[in-house]
Every structure is written in C-alpha cells, then in structure tokens.
Amino acid sequence: MNKRRSFAAFVAFSLAVTSMAAPAAQAAKKPKLKKKLTVNVAQTKKIKIKKLTAKQIKKITWKVSKKHRKIFKIRKKGKLALKVTGLKTGKGKITAQIKAGNQKYKLTCNVTVKDGGDETTGSSPSPTDRSMASTTPDASGNPLATASETGAATGAPNLNTPATSTVPSATPASTAPEGTVSDQPLEDPLENSSEAPEEEPSTSPVETEAASLTEPTPFQEYEFAAADFEDGLDGFTGRYAQVSLTTDGHQGGALMCSGRTSTWNGAKLDVSECVSGGALYEISAWVKVEGEEGTEETIKIGGEYDGNYPTVVQADVPAGEWTLITGSIEVPTDFSSFDFYFEVPSSATANFYVDDVTITQKSEGKPSSAVSLSEQTSMKEAYAEYFPNMGTCFNSYQMSSQSNVDFVKKHYNSITLENEMKPQRILSSGRLSVEEAKEEGYVIPENYADENVPKIQFDTLDQVMEFCADAGIRMRGHTLLWHQQTPSWFFTTGYSGSTPVTPEVMDGRLEFYVKTVMSHIMEKEKALGLDPGSVVYCYDVVNEYLNHTSDPTSVSWVDVYGEQNMSPEYVKKAYEFAYEELKEYGAENDVTLFYNDYNTYFNVDKVVELVQFVNQGEEANILGGIGMQSHLDVKRPGVGKYESALETFLATGLEVQITELDVTINYVESGQDDEDQARYVKSLMETIIYLNEHRDQSVNPKGITGITLWGLYDSVSWRRSNTPLLFSTGTTKPKPSYYSFLEAVTDWEEDYEDY
C-alpha cells in the first residue's frame with residue numbers, strides 16, 4: 001500500500017481523545033500501564049491506564065508500529081482502556097502517549113500473542129462498542145481481522161452479509177425487523193472490570209514465527225470504522241454547516257447537523273489516510289431529517305475525492321423518523337483525499353441527524369500508481385533562484401483537506417483565492433449605520449453620501465490569512481474591482497432597486513470599499529504579529545477592464561460611469577484609493593498594485609496604454625504590476641507571440657506576474673495529448689526564465705516576480721474538460737507537463753535558442 005494511506009495516521013486519529021482540562025486542585029499522579037500482556041490468537045483482553053481519572057487526562061494517543069499491527073489489533077474502550085485482540089503469533093509493543101495537566105507521559109506495554117488452539121476464554125469485542133475504530137490491513141491491503149470480529153452492532157445492519165447490490169435501501173425505524181434493535185446492550189465481560197484478567201498460559205503447541213509468516217493472508221471483509229457519537233463527534237466535521245452532539249439519537253447520542261444554507265451543506269468524515277484504493281466499502285447509518293409530519297425528505301451519503309462526488313446511497317425517508325440506509329462504493333485506486341459525507345438534497349436548510357454509522361471493507365485494495373508527495377520534486381524550490389513567488393489557486397474548502405494542504409506547502413509559497421475575495425462573496429445584504437461602520441473600523445470617506453453602509457463579511461478572508469500566516473505562505477489579493485461578481489445593488493440608489501447612482505455617489509462607495517478591505521487586511525496582519533504586506537503582498541485592484549464588455553448582461557461599472565474607453569477615471573481612482581491606503585500603513589514599497597487581465601498577449605498595446613493612463617501625473621507608479629492571466633492552449637498563442645508580449649511588458653519597467661497559468665489541449669482543435677502539453681509547457685517556461693534573466697535590470701529591476709498555476713489538478717479546474725494543469729486526477733498524479741515544467745529550470749539556457 002502507498003505509505004500515505006498507512007493506517008498509522010488513522011489509528012492515532014481515531015483513538016485520540018478530545019482535550020479536557022483537569023481541575024487545578026486535583027494534581028495528576030504518575031500514570032501506570034500493565035507492562036506485559038499475553039493474549040491468544042482470536043482472543044481479546046483489556047489494558048487500562050491506572051492512577052489517573054478520565055477528567056485528569058487532556059489527551060491520550062495509543063500507537064502500534066506498522067509491523068506489529070499484523071500481530072494484534074487495538075480498539076479504544078472508553079477514555080482509559082484499550083482492547084487488544086490477537087491476530088497471529090508473535091510479539092509487539094503498544095505505546096500510550098498521555099498529556100495530563102502540564103505533564104506528558106509515555107507508557108509501553110509489551111504484547112505476546114500465542115496460539116490458543118480452540119480456547120475461547122477471552123472476550124470478543126462488544127457489539128455496542130461503536131467508537132471510531134479500525135482494523136489494520138496488511139501491506140497488500142488485506143484486513144487481518146476475522147469475520148467473527150465484525151459482527152453486527154446493536155441497532156445496525158448485519159455487515160457479515162455480503163453486499164449484493166449498490167441499490168440504496170431505506171428502512172424506517174418503526175418498521176425495522178423484529179430483533180434489529182435491542183433495548184439492552186449485549187453484555188461485555190470486561191465492561192465492569194477495572195483490569196483485564198491475568199494471562200493464561202497457552203496449552204496448545206505454538207506455531208513457529210517462520211511458519212506463520214509464510215502463510216498467505218486471504219482477504220476477509222471487516223468492520224473498517226464505526227461511530228456511535230457517545231463520547232464525541234468520532235472524527236466527523238461540518239461541510240459548510242455546524243455539527244454538534246445531541247442525546248436524542250437512535251440509541252443514546254447522535255450527531256446533529258444544523259446551520260445549513262445550501263443543499264450540499266452537511267457533515268463529513270475524512271478517511272483519506274486509511275481507505276484502501278480500489279477497495280469496495282459498505283456504509284450504513286441511521287438517519288433522521290426534520291420536516292413536516294407525514295412528508296418525506298431525501299438524504300444522501302456520498303463520497304468526495306479530487307473534484308468528484310459519487311453517490312453512495314440516496315433515499316427518501318419519513319420526516320422526523322429514524323431510518324436505516326445502506327450503500328456501497330468502490331474507492332478509486334488513486335486519489336488525493338477521500339471523504340464520506342451526508343447531505344439533504346431536498347432541502348437547503350433542514351436539520352438532520354446521524355447515528356450508529358458503520359463502514360465495512362468488502363474487498364481488498366488494488367495496486368496504486370500514485371506518486372507520493374515525498375517522491376515529488378518541489379516546484380517552488382526548483383524555481384526559487386528565478387521567481388520569489390510560486391503560487392496556485394486555492395480556496396477555503398480545499399484547505400479543509402490535509403492532503404491538499406500538504407501538497408500546497410510542498411510546492412507553493414503563494415496562493416490566490418479563486419472567488420472568495422471577490423466583491424460578491426464579501427459584500428453582504430446586511431446594513432450598518434455610518435457611525436456603526438466607523439466603529440467597526442470601516443473607512444468612510446468625507447464624500448460618502450449614503451445613510452447606511454453594506455456590511456462586509458471578513459470571516460473567510462480572516463481564516464485564510466491565519467492559514468497563510470501559520471503555513472508561511474503569502475497571498476495575492478484577488479480582486480477589488482471587477483465588472484463581474486459584484487452585486488447589482490452595490491450600484492443602485494439606496495443599495496436597492498435598479499436605478500444606478502450618480503458617479504459622485506459611486507466615487508464614495510468605491511473609496512469606502514477599496515480602503516475598508518485593504519485596511520482590514522493590514523490590520524489583520526498586525527493582529528497576527530506581522531508587518532502590513534507580509535501575507536497579502538499584492539492586489540489585483542482592477543480585473544479585466546479591457547474585456548468588460550464581454551458580458552453585457554452582467555452589472556457593470558459602465559452603468560454608473562458610462563463607457564470611458566481607454567481613459568477610465570473610475571479605474572484610475574481605484575488605484576489612487578488603494579495606494580493612499582498603502583501609504584497610510586507605510587506599505588507602499590512592500591505591496592504591489594496590479595492590473596490583471598486575460599488575452600494580454602493579443603492586447604499588448606492596450607494594456608500598456610491603460611497602465612500608463614493610470615500612472616500619468618502620479619507621484620509614483622501607483623499601478624506597479626501587470627498580471628498576465630495566461631489561460632493558454634497548446635495551439636494558442638504560439639510561444640513566440642507570448643514572448644513578444646512579455647518583452648514589451650518588461651520594457652515598461654513594471655513588475656510582471658503570470659497570474660492564472662493553465663494550458664489546455666484539444667480546445668482550439670483536436671488531436672493533442674499530454675506529451676503535446678508537456679512540450680508546450682517546457683518551451684513556455686524556458687522562454688519566461690530566459691526573458692527574466694536577460695532583461696535590462698536598469699529599466700526593470702524587479703522583473704517577473706511570480707508564477708501562479710490556476711488550480712491544484714485537472715479534476716478541480718474550471719477548464720477540467722481540456723485537462724489544463726500539471727496533475728491529472730489528484731495531487732499524487734503528476735502528468736508529463738509536471739516533469740517538463742521542472743526540466744525547463746535545468747534546460748532553459750541550452751534549449752531556448754531552439755524555439
């Protein structure tokens with residue numbers, strides 16, 4: 001199995017206990033753990049932390065090395081205890097890492113597994129013990145648990161019955177077969193024991209280690225994970241919604257999902273680090289959706305991986321009733337991340353509940369062709385000598401995936417938010433009085449003519465900035481002024497209706513918006529202990545002005561100011577306001593204000609004319625950079641055309657960045673493949689490096705300061721149908737263009753003259 005899918009991360013994850021502060025007056029004693037444990041094959045015993053109470057422990061993590069997980073498996077029992085089940089003869093070690101108060105402890109227990117023959121003196125796992133736990137597969141992806149260890153849990157489907165279909169099933173709780181639900185949990189022989197029974201010597205001959213290792217391990221389906229929400233959320237998190245615990249579950253505790261505003265909002269479980277690629281998994285859960293009595297709501301369990309959202313099961317269930325749903329999914333052989341998620345497609349706002357989730361692996365995994373992150377060469381390091389900023393398009397939802405985060409940290413030191421900083425995303429319909437807005441820190445200019453002020457939603461932007469500060473990553477501010485993705489009411493009288501305001505009123509709104517957003521960002525940087533410009537190091541103040549007539553149905557600044565051709569006064573004012581705010585914070589020399597547009601290589605003269613208009617008569621080049629979006633195709637433009645444009649832009653003396661780079665195939669014409677893309681990418685990057693290295697530094701001292709690839713991989717690209725990026729279906733699937741992108745760094749001087 002691929003190392004990144006090792007169960008080591010999952011064992012630590014699923015057995016970690018939520019932090020809980022110990023009472024100050026109750027000093028924690030040094031904990032103790034049984035030093036030796038002997039258990040028979042197929043026998044289960046319990047070990048327990050002594051000398052500490054559950055409240056005194058802030059965190060406890062149980063760990064077993066990969067090789068020892070073939071000998072025995074572990075499963076949490078409450079906060080202090082662990083169940084140990086023998087799998088085959090051998091010896092291993094369990095480590096408990098404990099944090100109690102301000103103290104940290106590391107305890108170990110040496111485990112010996114013997115052949116117990118037909119003995120059944122040990123206890124089997126309790127069917128009611130439904131904490132998120134897992135059985136470790138061997139190196140080939142085969143689980144090492146026996147079928148008898150995966151018996152049906154109380155109130156859950158019998159998962160020893162092989163799945164015959166992936167057709168969704170829905171069974172209302174009120175009509176469940178007799179015996180499916182029990183009021184009394186099955187007795188666990190160790191439940192009330194403070195300590196596991198003493199080891200009993202094996203009376204059967206012990207197999208030799210060598211003989212044991214030579215025996216094949218056939219695949220047997222097993223309970224991969226389970227959640228009963230009795231002690232916590234069991235690894236579930238919100239999917240743009242709130243998740244919490246409730247006691248009104250199918251049996252005891254349950255997960256409640258609330259605060260939904262879209263049908264896809266819900267709850268999710270990240271299993272990226274532990275599912276086996278190519279394996280079949282069955283998931284069952286008891287669910288309940290709030291709704292009018294006598295009606296039905298649709299609930300769905302889905303899988304999410306690398307921009308794909310396959311349905312596991314979707315069923316109509318009686319509103320307000322607990323219902324059992326079951327479905328299956330084959331996990332793709334290769335993926336960057338994988339989540340199971342719950343949502344209610346029939347309602348954007350209905351609260352729903354989940355309880356007694358069981359996931360069973362039904363087949364073994366398949367060999368992976370993925371290239372792990374550790375095997376990949378860092379793009380930012382490869383290009384560090386030439387460009388200080390190597391970036392990608394990223395968003396807050398993608399940041400919720402650790403594999404995405406690790407990928408970005410590996411390859412990039414700059415990100416651009418795809419949509420979340422655009423006016424439509426942060427301007428809300430809420431209103432503040434002018435005085436309230438000033439108290440909130442908004443910048444309200446003297447010529448602001450409105451009686452109220454739109455409330456700006458900074459929560460997501462703040463979270464992203466915190467992420468960047470923690471990760472040592474910087475951000476491009478994209479974008480302040482755009483003819484698209486700006487709410488229509490922002491241009492109308494009283495922020496309502498359809499009548500455009502006068503240019504004078506809009507001037508005040510424009511200044512308020514530009515300065516308030518930039519001021520908030522720089523204040524946030526200061527709150528993070530950083531200098532202004534440390535996180536957001538440049539802004540696309542104006543985006544795509546030269547193409548502002550491309551969508552005449554969208555709300556445009558032209559509705560207020562009229563068509564101003566190549567002398568747009570409101571564009572110039574936007575840069576003046578932005579530069580004034582930089583000076584207010586002493587950041588004018590640290591932050592660059594960019595003009596960003598697409599097809600710049602076809603509009604070279606107009607780009608130069610526009611930036612010169614903005615800078616004309618100013619104390620400095622307030623518009624300090626040209627952003628070449630660079631949504632390219634292997635057939636358009638030719639590298640020579642791109643080279644000519646880049647030379648011209650460098651000759652202006654302004655900083656240049658390639659801001660949204662992707663290269664499609666089969667868009668202009670058909671017949672290309674990944675190798676064609678790779679050749680184009682290499683030629684392009686060699687040209688960019690060559691021009692930057694050979695520019696006249698007396699004219700342009702900064703040169704090309706950044707490259708931003710527009711997306712992580714093809715599956716999540718806005719141009720996915722034409723596979724424009726360097727990775728295909730995930731962050732472990734590099735394409736030939738990734739390798740040619742790297743080769744350009746070493747070959748540019750030798751190859752440039754050949755193109």
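**Salt bridges and a helix pair**

Asp676 and Arg679 sit three residues apart in helix α13 (residues 674–693), so about one helical turn separates them. In this predicted model, the two form a salt bridge, with the closest N and O atoms 2.6 Å apart. Asp676 is partly exposed, at a relative accessible area of 23%.

Other bridges reach across the sequence. Take Lys288 and Asp248, whose closest N and O atoms are 3.8 Å apart. Lys288 belongs to strand β14 (residues 280–289), while Asp248 is in the loop between β11 (242–246) and β12 (254–258), so this bridge ties together parts that lie 40 residues apart in sequence. Lys288 counts as buried, at 13% relative accessibility, whereas Asp248 is partly exposed at 47%.

Now look at Lys733 and Asp334, a salt bridge with its closest N and O atoms 3.3 Å apart. Here the partners are 399 residues apart: Lys733 is in the loop between β30 (704–709) and α14 (736–751), and Asp334 is in the loop between β17 (323–330) and β18 (339–343). Asp334 is buried, with a relative accessible area of 12%.

Finally, on to a pair of helices. The axes of α8 (residues 503–527) and α10 (residues 569–584) come within 9 Å and cross at roughly 35°, and the crossing is right-handed. On the α8 side, the contact residues include Leu510, Val514 and Met518, and on the α10 side they include Tyr570, Ala574 and Phe577. Overall, the residues of this contact divide into nine nonpolar, one polar and six charged.

Technical notes
Residues numbered from 1 in each chain as written. Predicted model: local features only at pLDDT ≥ 70, side-chain atom pairs only at ≥ 80, totals over all residues. Heavy atoms only, no water. Axes fitted to C-alpha atoms, helices over the stretch in contact; angles between N-to-C directions. Helix = DSSP H or I, 4+ residues; strand = E, 2+ residues; numbered from the N terminus. Left-handed = near helix turned anticlockwise from the far one by under 90°. Contact = heavy atoms within 4.5 Å. Nonpolar A, V, L, I, M, F, W, Y, C, P; charged D, E, K, R; others polar. Salt bridge = Lys/Arg side-chain N within 4 Å of Asp/Glu carboxyl O. Buried < 20%, exposed > 50% of the residue type's maximum accessible area, 1.4 Å probe, protein only.
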